[in-house]
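Dear colleague,

I am handing over the structure we spoke about, together with some notes on what was found in it. Please read the notes with the structure open beside them.

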Amino acid sequence: LTHLQKGGANAAGAKAVLAATAAAAGATQIEINRATQFSRADEEELLRATNNTSNLSSDLSKHKKHYKSTCEQIKATKDTVFDSKTEESPPSMARVFLSDCVFPRCSLTPDDAMYCAQ
C-alpha cells in the first residue's frame, strides 16, 4: 500500500504483480483495475496499520522495561523468597505459589495450560 500511495517505479512494480496475480486468478479487467488503484479505503487501512505499528512499538519498549525491572527484582529476592529456612518463606511456599499462580492460569486457555505445563 505504501508503494501504491507514493507512486513511481515501486508502485508500477507492485501494480504489475497485483495485475498478474489477479489475471492468473481469472479476474476481469475491471477487477484488475480496482485491485491496482490506491483508494480511500486503502489510505485508511494504511493509516490504521501505521498507527498500530507505532502503538505496538511503544508498548514493546514499555514491556521490555517492565520485564527487565521484574527480572532484576526476582534476582535480588530469589534467595530469600524460595529459601524454606527463613521465616519469610514457610515450607508451604510451593503450595501457595501453585494454587495462587499456576493452577488458575492452567484453566484460562489451552495455550496458558501448555505454558504452565512446561
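E45 is partly exposed, at 36% relative accessibility, where partly exposed is the class between buried (under 20% relative accessible area) and exposed (over 50%), computed with a 1.4 Å probe and protein chains only. Before going further, please note that this is a predicted model, in which local features need pLDDT of at least 70 and side-chain atom pairs count only at pLDDT 80 or more, while totals for chains, interfaces and linings use all residues. Residues are numbered from 1 along each chain as its sequence is written, and side-chain values use heavy atoms, with hydrogens and water left out.

Back to E45: this residue forms a salt bridge with R48, and the closest N and O atoms are 2.7 Å apart. By salt bridge I mean a side-chain nitrogen of Lys or Arg within 4 Å of a carboxyl oxygen of Asp or Glu.

How many salt bridges does the structure hold? There are three, and another of them also belongs to helix α4, which covers residues 40-81. In this pair R40 forms a salt bridge with E44, with 3.6 Å between the closest N and O atoms. The two residues lie four positions apart in the helix, again about one turn. R40 is exposed, at a relative accessible area of 60%, whereas E44 is partly exposed at 46%.

The remaining pair joins D112 to R105, whose closest N and O atoms are 3.1 Å apart in the salt bridge. Is D112 buried or exposed? D112 is buried, because its relative accessible area is 15% and the class takes in values under 20%. R105, by contrast, is partly exposed at 33%.

R105 sits in helix α5, and leaving aside its neighbours within four places in sequence, R105 is in contact with D112, A113, Y115 and C116; contact here means heavy atoms within 4.5 Å. For C116, the C-alpha atom lies 7.3 Å from that of R105, although the two residues are 11 residues apart along the chain.

These contacts belong to the packing of two helices. Such a pair is described by the angle between the axes and the distance between the axes. Helix α5 and helix α6 (residues 110-117) pack at about 135°, with their axes 7 Å apart; the axes are lines fitted to C-alpha atoms, for helices over the stretch in contact, and the angles run from 0 to 180 degrees between N-to-C directions. The two helices are therefore oblique to each other, a class that takes whatever is left once angles under 35 degrees (roughly parallel), over 145 (roughly antiparallel) and 65 to 115 (roughly perpendicular) are set aside. On the α5 side the contact is made by V102, R105 and C106, and on the α6 side by D112, A113, Y115 and C116.

Helix α5, which spans residues 93-106, also holds L98. Together F97, L98 and F103 make a nonpolar surface patch of about 280 Å². Patches are made of residues with over 30% relative accessible area and no salt bridge, joining like charges within 9 Å and nonpolar side chains (Val, Leu, Ile, Met, Phe, Trp, Tyr) within 5 Å.

Finally, some values for the chain as a whole. The chain has six helices and zero strands, where helices (H or I, at least four residues) and strands (E, at least two) are DSSP runs numbered from the N terminus. Of its 118 residues, 8% are buried. The accessible surface, from the Shrake-Rupley method with a 1.4 Å probe and only the protein chains shown counting as cover for residues, comes to about 9700 Å², of which 58% belongs to carbon and sulfur atoms. Among contacts with a separation of 6 or more, residues 24 or more positions apart account for 25%.
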